[in-house]
Amino acid sequence: MARTKTFTRLAAATLSVAAAAGLGLAGTGQAEAAREFPVSNCIGPSPNIVDLPFMVRRAIVSTYGGDAYIAADFPSYFPGGYQSSLRMDWHNLSTGKRGFKVSNTKVNPPYQGVHYFVIPVKTIGKGRVAVTFGATNRNALWSVPSTSCSGTIVVP
C-alpha cells in the first residue's frame with residue numbers, strides 16, 4: 001500500500017515536472033492535478049519468467065499547456081529489466097474522436113515501469129475517454145504479449 005501511494009506521488013511529480021519543462025514551448029497555462037483511473041486487469045507473464053507478471057493497473061492523467069499527459073505503470077523486480085511496448089487506443093465518448101499512441105520504454109527494476117503518452121487536448125478532446133492498452137514485452141530471447149485492458153479516463 002505504501003509503495004502504491006509513493007508511486008502515485010512520484011508519478012504526479014513526474015507529470016508536473018514534464019509539464020513544467022514544456023512551459024517555454026507551450027506558453028502559460030494552468031496545470032491540472034494528476035488523477036488516477038482504474039483499468040481492467042491486463043496481465044501477461046514477464047519475458048523474464050521469474051519476474052512479477054506484467055500488469056497495468058491504472059492510468060494517471062494530468063493536463064498542462066494544452067496537452068494531456070497520460071501514464072500507465074506496471075511492476076518489475078527482475079535485475080536487468082526488459083523492453084516494453086504499449087499501445088493505447090483511445091475513443092472520446094462525447095466527441096467520437098479516436099486515435100492511438102505507442103510508447104516504448106526500458107523497464108529498469110527495482111522501480112516500476114511507466115509508459116507516458118502526450119496528446120494535445122484539441123486532438124483527444126475533453127471529457128470521458130475510453131482507453132484500451134495492449135503490450136508486448138521482450139528480453140534478449142523472446143517477446144511475450146499481454147492481454148489487453150481497458151478503462152475510462154477523464155481529460156479535464
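Predicted model: local features only at pLDDT ≥ 70, side-chain atom pairs only at ≥ 80, totals over all residues.
## A chat about salt bridges, rings and contacts

Visitor: What does the secondary structure come to?
Guide: There are three helices and nine strands, and along the sequence they follow the pattern α-α-β-β-β-β-β-β-α-β-β-β. Helices (H or I, at least four residues) and strands (E, at least two) are DSSP runs, numbered from the N terminus.

Visitor: And what percentage of the residues count as buried?
Guide: Of the 156 residues of the protein, 41% count as buried, where buried means under 20% relative accessible area, exposed means over 50%, and partly exposed is in between (1.4 Å probe, protein chains only).

Visitor: Switching to charges, how many salt bridges are in the whole structure?
Guide: A search of the whole structure gives four salt bridges, each being a side-chain nitrogen of Lys or Arg within 4 Å of a carboxyl oxygen of Asp or Glu. One of them joins the side chains of Arg 58 and Glu 36, at 3.1 Å from N to O. That pair links distant parts of the chain, since Arg 58 is in strand 2 and Glu 36 in strand 1, 22 residues apart.

Visitor: Is Arg 58 buried or exposed?
Guide: Arg 58 counts as buried because its relative accessibility is 2%, while Glu 36 is partly exposed, with a relative accessible area of 41%.

Visitor: Which residue does Arg 57 form a salt bridge with?
Guide: Arg 57 forms a salt bridge with Asp 73, and the closest N and O atoms are 3.0 Å apart. This pair also links distant parts of the chain, with Arg 57 in strand 2 and Asp 73 in strand 3, 16 residues apart. Arg 57 is partly exposed at a relative accessible area of 26%, whereas Asp 73 is buried at 0%.

Visitor: What about Arg 58 and Asp 73, how far apart are their closest N and O atoms?
Guide: Arg 58 and Asp 73 form a salt bridge too, with the closest N and O atoms 3.0 Å apart. Arg 58 lies in strand 2 and Asp 73 in strand 3, so the pair ties together parts that are 15 residues apart in sequence. Through salt bridges that share partners, Glu 36, Arg 57, Arg 58 and Asp 73 are joined into one network.

Visitor: On to rings, how many aromatic pairs are there?
Guide: The count comes to two aromatic pairs, with rings of Phe, Tyr and Trp (its six-membered ring) pairing if their centres lie within 6.5 Å; planes under 30 degrees apart count as stacked, over 60 as edge-to-face and the rest as tilted. The ring centres of Phe 54 and Phe 74 are 4.7 Å apart and their planes are at 50 degrees, so this pair is tilted. Phe 54 is in strand 2 (residues 54-64) and Phe 74 in strand 3 (residues 67-74), 20 residues apart, and both Phe 54 and Phe 74 are buried.

Visitor: What contacts does Asn 137 have beyond its neighbours within four places in sequence?
Guide: Taking contact as heavy atoms within 4.5 Å, Asn 137 touches residues including Pro 47, Phe 54, Tyr 82, Ser 84 and Trp 142. Asn 137 is found in strand 7 (residues 127-138) and counts as buried at 0% relative accessibility. From Asn 137 to Ser 84 the C-alpha to C-alpha distance is 4.4 Å, although the two are 53 residues apart in sequence.

Visitor: Where is Thr 105, and is it buried or exposed?
Guide: Thr 105 is found in strand 5 (residues 98-107), and Thr 105 is buried, with a relative accessible area of 18%. Leaving aside neighbours within four places in sequence, the contacts of Thr 105 include Phe 74, Tyr 82, Val 114 and His 115.

Definitions and conventions. Residues numbered from 1 in each chain as written. Heavy atoms only, no water.
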